[in-house]
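Here is a short report on one protein chain. Have the sequence and the 3D view open while reading.

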Amino acid sequence: MTLYKYRTDCINTEQIIEKKQVWLAAPDSLNDPFECSYKIPLKHMEKHVESWCESQITAFAMTCAIYESRGITPFGFSQAELEKFWNSMKSPLLSKQGRYQLLLEFQKENGFRYYDQQDCFFKFKKLLQKVGIFSLSAEIDNQLLWAHYADESRGIAIGFDVTDHSMLSNPEHCFKVNYTDDIPQKTDIGFSTETHIGFNIDDHTQELYLTNKNRIAFYDLFFQKVVATKPTPWAYEKEWRYIETSSGLYPLPAPISEIVFGVRTSEQTINKYVNLATTYGNDIKFYKMQKSKTKNLLWKDLLKQ
């Protein structure tokens, strides 16, 4: 499969070929005001928080049990500290939320700083705002795309070959856009998350502490649904999206296999990109869009050099 990026003739387009990099844009810089819209009912938020609190406590208990079976205590805790902690957790007066807060306080007091999943949940919108998006289309003969994104057919379309092991073949980084006028709504509890454990140094005390951070994973189905949903007026684009954790420059997500010139692209522009691709690219084919002689349709013709 080939996915196409429609572009005007400009320095940024030239640098895609020269530097083999693409720019992933933040959602709020794109032209759809409904980018990354979603709804999460309050009841699901509350259930998620409750479920996460329970899972954190269970995970910590299992970790302690594994260490104790080996005759050691986890993360430098003393046996006396652990016994005192677990005794306090048995209090019938503690709610589920209260037991979770007690766990966080105990870990923080002993130099182990957990990332609070409640923050991750409530900052879901902030995480989405940071996502970098590179929009492509599965169609090369789409007249509206040539008009809207390629300078009224005076620009080019860069074809990316969706090869195995490329980012465009990675289901966690490349999504086919779904078109609907319904805003994505979360109907289940919880998110698929990734855990990152590492060490940091406190800026004030210069003490080393262990961190346990969780973030919503790209394979989370609700995250994918939010990122890859657009209103029906945009359905003509037949869009696919390559995404990363933040906006900015990234290496090519797949090899460039084609450069297609618009019906109105000048010979000067054609020659420029042929020379650029010949200098910086490999195995790139060149095409030019042509108008059908019998219908109001475009077709792709191999460029004669």
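## Overall picture

This is a predicted model. The protein chain has 305 residues, and buried residues make up 44% of them. Its secondary structure comes to nine helices and 15 strands.

The protein chain exposes about 17,100 Å². Carbon and sulfur atoms supply 51% of that area. Take the contacts between residues at least 6 apart in sequence: 76% of them join residues at least 24 apart.

## Strand S5 and its two partners

Strand S5 covers residues 156-161.

Strand S1 (residues 2-7) is joined to S5 by six bridges, and the two run antiparallel. Within this pairing, lysine 5 has isoleucine 158 of S5 as its bridge partner. Tyrosine 6 stands opposite alanine 157 in S5.

Strand S13 (residues 256-261) also runs antiparallel to S5, with five bridges between them. Here glycine 159 is partnered by glutamate 258 of S13.

## Strand S1 and tyrosine 4

S1 is mostly covered, with six of its six residues buried. Both faces are covered. Thr2, Tyr4 and Tyr6 are buried on one side, and Leu3, Lys5 and Arg7 are buried on the other.

Tyrosine 4 sits in S1. Its relative accessibility is 6%; buried means under 20%, so tyrosine 4 counts as buried. Which residues does tyrosine 4 contact, leaving aside its neighbours within four places in sequence? Among them are Leu136, Ser137, Ala138, Glu139 and Ile140. Ala157, Ile158 and Gly159 are also in contact with tyrosine 4, as are Glu258, Val260 and Lys300. Glutamate 139 is 135 residues away from tyrosine 4 along the chain, yet their C-alpha atoms are separated by 7.0 Å.

## Helices H1 and H9

Two packed helices are described by the distance between their axes and the angle between those axes. Helix H1 spans residues 11-18 and helix H9 spans residues 267-280. Their axes come within 9 Å and cross at roughly 25 degrees. Angles under 35 degrees count as roughly parallel, and H1 and H9 are therefore roughly parallel to each other.

H1 contributes Thr13, Glu14, Ile17 and Glu18 to the contact. H9 contributes Lys272, Tyr273, Leu276, Ala277 and Tyr280. By class, the contact has five nonpolar, one polar and three charged residues.

Leucine 128 lies in helix H6 (residues 124-130). It is buried, at 2% relative accessibility. Leaving aside neighbours within four places in sequence, leucine 128 contacts Pro27, Cys36, Tyr38, Phe223, Val226 and Val227. Glutamate 35 is 93 residues from leucine 128 along the chain, with 9.6 Å between their C-alpha atoms.

Glutamine 224 belongs to helix H8 (residues 221-227). Is glutamine 224 buried or exposed? With a relative accessible area of 17%, glutamine 224 is buried. Beyond its neighbours within four places in sequence, glutamine 224 is in contact with Pro171, Glu172, Phe175, Phe218 and Tyr219.

## Loop residues

Cysteine 36, a contact of leucine 128, is in the loop between S2 and helix H2 (42-69). Its phi is near 60 degrees, a positive value in a residue other than glycine. Cysteine 36 is buried, with a relative accessible area of 7%.

Lysine 20 also has a positive phi, of about 55 degrees, although it is not a glycine. Lysine 20 is found in the loop between H1 and strand S2 (21-24). Its relative accessible area is 37%, and it is partly exposed.

Asparagine 296 lies in the loop between strand S14 (285-291) and strand S15 (298-302). At 74% relative accessibility, asparagine 296 counts as exposed. In sequence, asparagine 296 and glutamine 143 are 153 residues apart; in space they are 9.6 Å apart, C-alpha to C-alpha.

How values were computed:
Residues numbered from 1 in each chain as written. Predicted model: local features only at pLDDT ≥ 70, side-chain atom pairs only at ≥ 80, totals over all residues. Heavy atoms only, no water. Buried < 20%, exposed > 50% of the residue type's maximum accessible area, 1.4 Å probe, protein only. Helix = DSSP H or I, 4+ residues; strand = E, 2+ residues; numbered from the N terminus. Pairing = 2+ DSSP bridges. Contact = heavy atoms within 4.5 Å. Areas by Shrake-Rupley, 256 points an atom, 1.4 Å probe, with all protein chains shown as cover. Axes fitted to C-alpha atoms, helices over the stretch in contact; angles between N-to-C directions. Parallel < 35°, antiparallel > 145°, perpendicular 65-115°, else oblique. Nonpolar A, V, L, I, M, F, W, Y, C, P; charged D, E, K, R; others polar.
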